[in-house]
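Please look through the sequence and the model below before reading on. The paragraphs that follow lead through a sheet and some of the charged pairs.

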Amino acid sequence: MSASVVSARRLAAAGLAAAAVVGAVALPASAADHSRADRPKVEISDVQYDAPGGRDDRSNRSLNREWVELTNTTRHAVNLDGWRLSNRDGRVYTFDDYRLAPRATVRIHTGEGRDTRTDLFQDRRREMWDNRADTATLRNDRNRFVDAESWGGRYDRDDRRHGGDRYDRGDRHHGGDRYDRHHGGDRHDRGDRH
């Protein structure tokens with residue numbers, strides 16, 4: 001066999017090996033970029049569940065000092081149309097025709113107000129979040145879990161591990177119907193717990 005044929009084969013083999021290494025390195029990076037683009041990352045970045053300044057008096061001012069903040073951690077706008085923010089008793093706020101800008105934060109207030117780019121209002125006349133223990137759960141328009149934030153008692157420890165589902169079902173042992181029967185309120189609009 002001539003030296004030129006051996007050299008040509010070695011060069012071809014080296015070229016194929018180099019292409020395989022480059023392809024193997026490039027493929028996971030592009031796959032990771034693709035998966036990031038398919039999964040917008042929005043998180044619950046802060047919660048003010050107890051309006052500061054004393055007793056909750058159901059005034060619009062008091063209700064609007066109770067809020068949840070969502071932050072878009074990506075470089076792309078995220079369409080939140082149809083997404084839902086709920087408490088563990090089943091009260092739900094559904095986003096309507098809202099796009100969260102890249103790296104932006106929006107504050108969702110409980111009371112009434114005029115929606116802006118940075119502030120949305122649920123237009124409720126009673127508190128949404130329980131001051132003692134509750135869970136704010138965010139789900140996308142396909143009802144898939146996105147994020148949750150819990151406070152008070154065992155909810156802090158357990159809720160993130162369970163994806164928020166444990167308390168979203170109106171569980172009788174965690175503040176559902178049992179509480180309502182003892183306190184005479186209706187499940188979706190009781191304000192006597194604050």
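Is R58 buried, partly exposed or exposed? R58 is partly exposed, its relative accessible area being 36%, where buried means under 20%, exposed over 50% and partly exposed in between, with a 1.4 Å probe and protein chains only. This is a predicted model, in which local features need pLDDT of at least 70 and side-chain atom pairs count only at pLDDT 80 or more, while totals for chains, interfaces and linings use all residues. Residues are numbered from 1 along each chain as its sequence is written, and side-chain values use heavy atoms, with hydrogens and water left out.

The open sheet consists of four strands in the order β1-β2-β7-β8, with mixed pairing; strands are DSSP runs of E with at least two residues, numbered from the N terminus, and two strands pair if DSSP finds at least two bridges between them. Because β1 (42-48) and β8 each have a single partner strand, they stand at the edges, and one side of each is left without a neighbour in the sheet. Within the sheet, β2 (residues 67-72) and β7 (residues 105-109) are antiparallel and share five bridges, whereas β7 and β8 (residues 119-121) run parallel, joined by three bridges.

E69 stands opposite R107 in β7, and the side chains of these two residues also meet in a salt bridge at 2.7 Å, N to O, the term requiring a side-chain nitrogen of Lys or Arg within 4 Å of a carboxyl oxygen of Asp or Glu. E69 is buried at 14%, and R107 is partly exposed at 26%.

R58 forms a salt bridge with E127 (3.9 Å, N to O), and E127 is buried at 3%.
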